[in-house]
Amino acid sequence: MSNEPKKMTTSFGEPVDDDQNSITAGNPGPILLQDIHLLEKLAHFDRERIPERVVHAKGAGAHGYFEVTADVARYTRAKFLSEVGKRTEVFVRFSTVGGERGSADAERDPRGFAVKFYTEEGNYDMVGNNTPVFFIRDPQKFPDFIHTQKRNPVTNLKDPDMFWDFLSLTPESVHQVTILFSDRGTPATYRNMNGYSSHTFMWYNAAGEYNWVKYHFKTEQGIRNMTAEEADMMKAKDPDHATRDLFKAIERGDYPSWRVEVQIMTPEQAKTYRYDPFDVTKVWPHSDFPLIAIGRMVLNRNPENYFAEVEQAAFSPGDFVPGIGPSPDKLLQGRLFSYHDTHRHRLGPNYALLPINAPKAMPLNYERDAAMSSGPTAAGAPNYYPNSFHGPAPDPAAAPPAVPVGGVAARQTYNHPNSDFEQAGVLYRVVMTDAERAHLVSNLVGHMQGAQQRLQYRQAALFFKADPEYGQRVAEGLGLDTARVAALAAMTQEERVKATAE
Ligand code: NDP
């Protein structure tokens with residue numbers, strides 16, 4: 001900010017004569033209603049807070065760019081991916097999930113990893129996490145799952161019973177729970193973690209041929225995590241450590257970067273793949289679908305106004321550009337609705353007009369008015385379609401390819417034969433080192449010991465199903481009878497729930 005003296009004005013641009021003394025009748029005297037400057041100042045202050053995000057409330061963000069490093073034009077017609085060397089501006093927001101806006105950055109939690117690409121064809125948002133999978137696959141379960149990560153409605157405290165009751169009743173969560181309670185659940189900073197789309201998306205080319213893709217953003221700073229003890233110490237020492245780290249790194253010119261990679265599956269491969277390609281609780285093993293590097297993302301500019309740029313940033317997995325579309329992933333289908341909807345609640349119906357959310361090209365359509373409408377959206381054009389006054393018209397060339405769907409409309413139990421436990425077992429047995437396994441077990445024991453013993457048994461049995469040693473070690477750490485855990489693991493989920501009822 002320049003040091004030249006500046007004149008204070010009201011929000012309506014009128015000069016302010018005095019900002020320290022209210023207008024009173026007499027001295028000291030009561031205040032008069034005619035002190036409009038005071039009234040406006042208080043009224044605006046009263047409205048400073050907007051609803052915080054119901055999830056991902058605490059976050060940090062930065063601007064940067066994405067650069068294409070490989071030719072992917074045969075897979076997608078997205079213009080921002082059309083040629084090697086092409087750069088697109090991005091805005092990225094990292095976050096924790098369960099805590100409030102003032103919560104500590106070092107909490108054990110997945111981290112949000114949301115990228116907005118400001119492309120010439122509109123904004124494309126990749127709204128991912130630092131984990132390649134999620135706890136549940138049906139959005140019907142999402143509000144309940146989140147309630148269990150929040151505060152008990154009676155005590156207003158985090159509640160291990162709620163947490164482990166829900167998860168042990170939701171066996172598909174065991175893969176993500178294993179990642180969350182590994183040291184990757186407490187990344188050292190936002191710069192030292194990967195980002196994943198988790199969901200599968202569609203890429204289609206100019207000829208309308210499509211494939212399924214998953215995105216991986218691999219940190220070029222290297223993965224660094226905190227142990228549970230280090231994270232606990234950090235929460236006490238600096239609850240904002242990751243926010244601070246990101247801002248300071250960019251301020252000193254140490255720009256964080258990620259290699260962007262994709263996995264690509266053809267529709268034919270999807271039909272016969274042993275895992276459901278649209279099940280967000282599963283990864284596609286790299287040996288089946290190798291990572292293909294397609295670009296690099298660099299963050300090189302801090303926000304100037306946290307509220308305007310980070311708090312008001314509105315990402316949605318439903319923001320696509322031609323060349324990229326949704327998949328039948330059920331959790332994604334729920335998110336396609338929920339993100340736009342929550343922004344309307346949080347920021348108002350015209351949130352897309354805010355500078356941080358506004359696309360580079362002016363939106364042209366027949367949506368009109370509503371609270372905080374601003375700018376010449378389709379100025380001078382008619383407000384209805386079809387019209388014969390040269391109003392904006394749809395472009396059939398923007399259509400995504402037609403995809404076959406069919407079947408019986410009903411609430412249907414998920415019955416794909418892929419196991420909910422296998423990939424968690426591989427992670428434990430094959431990917432983790434001895435030290436990582438030991439941390440995983442002690443992190444779980446530390447959290448689960450706050451829950452009722454019957455819930456500990458039910459959850460330990462799920463770990464046992466992923467890998468008997470895994471379940472046994474958690475059971476031993478909790479002082480449970482390991483034979484009973486093995487017996488519970490051999491039951492169906494229904495029998496297990498009955499055997500561990502209150
Ligand atoms: P690979 O051996 O090819 O890769 C293992 C992957 O696991 C790497 O991407 C590695 O990330 C990541 N990883 C290492 N430690 C952890 C951890 N504590 N939590 C989460 N991820 C971790 O394995 P596969 O592709 O055959 O998959 C085996 C298992 O690895 C999966 O069941 C899944 O649990 C996990 N995984 C797989 C991913 C995938 O997309 N295939 C992605 C991430 C995890 P990095 O290389 O960045 O260190």
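This is a predicted model: local features need pLDDT of at least 70, side-chain atom pairs count only at pLDDT 80 or more; totals for chains, interfaces and linings use all residues.
A nonpolar core, as the term is used here, is a set of buried Ala, Val, Leu, Ile, Met, Phe, Trp, Tyr and Cys residues joined through side-chain atoms within 4.5 Å.

**The core**

The largest nonpolar core holds 45 residues, and among these Trp164, Leu444 and Phe463 touch the most other members. Two or more residues of this core come from each of helix H2 (142–149), helix H3 (160–168), H4, H10, helix H11 (434–448), helix H12 (453–466), helix H13 (468–478) and helix H14 (482–490). H12 provides the largest share of the core, with seven residues. Seen by domain, the core takes at least three residues from domain 1 (59–134 + 187–353) and at least three from domain 2 (136–169 + 421–502).

**The ligand and its shell**

The ligand is surrounded by 19 residues, of which His175, Arg184, Asn194, Trp284 and His286 are the closest. By residue class, the shell around the ligand consists of 10 nonpolar, seven polar and two charged residues. At least two residues of this shell are supplied by each of helix H4 (174–180), strand E7 (210–219) and helix H10 (422–431), and H10 gives the most, with four residues. Domain 1 (59–134 + 187–353) and domain 2 (136–169 + 421–502) each contribute at least three residues to the shell around the ligand.

| Protein residue and atom | Ligand atom | Distance |
|---|---|---|
| Asparagine 194, side-chain N or O atom | oxygen | 2.7 Å |
| Tryptophan 284, polar backbone atom | nitrogen | 3.0 Å |
| Lysine 218, polar side-chain atom | oxygen | 3.4 Å |

On its own, the ligand has 780 Å² of accessible area, and the protein covers 77% of that area.

**Histidine 175**

One of the residues closest to the ligand, His175, deserves a separate look. Histidine 175 belongs to helix H4, and its side chain reaches the backbone oxygen of threonine 281 at 3.0 Å. Is histidine 175 buried or exposed? Histidine 175 counts as buried because its relative accessible area is 5%, whereas the limit for that class is under 20%.

Methods. Residues are numbered from 1 along each chain as its sequence is written. Side-chain values use heavy atoms; hydrogens and water are left out. A residue is near a molecule or strand if one of its heavy atoms lies within 4 Å of it. A polar contact is a pair of N or O atoms within 3.5 Å; within protein, one must be able to donate a hydrogen and the other to accept it, and residues adjacent in sequence count only if both atoms are side-chain atoms. Accessible areas come from the Shrake-Rupley method with a 1.4 Å probe; for residues, only the protein chains shown count as cover. Ala, Val, Leu, Ile, Met, Phe, Trp, Tyr, Cys and Pro count as nonpolar, Asp, Glu, Lys and Arg as charged, and the others, Gly among them, as polar. Domain bounds come from an automatic or database domain assignment. Buried means under 20% relative accessible area, exposed over 50%, partly exposed in between (1.4 Å probe, protein chains only).
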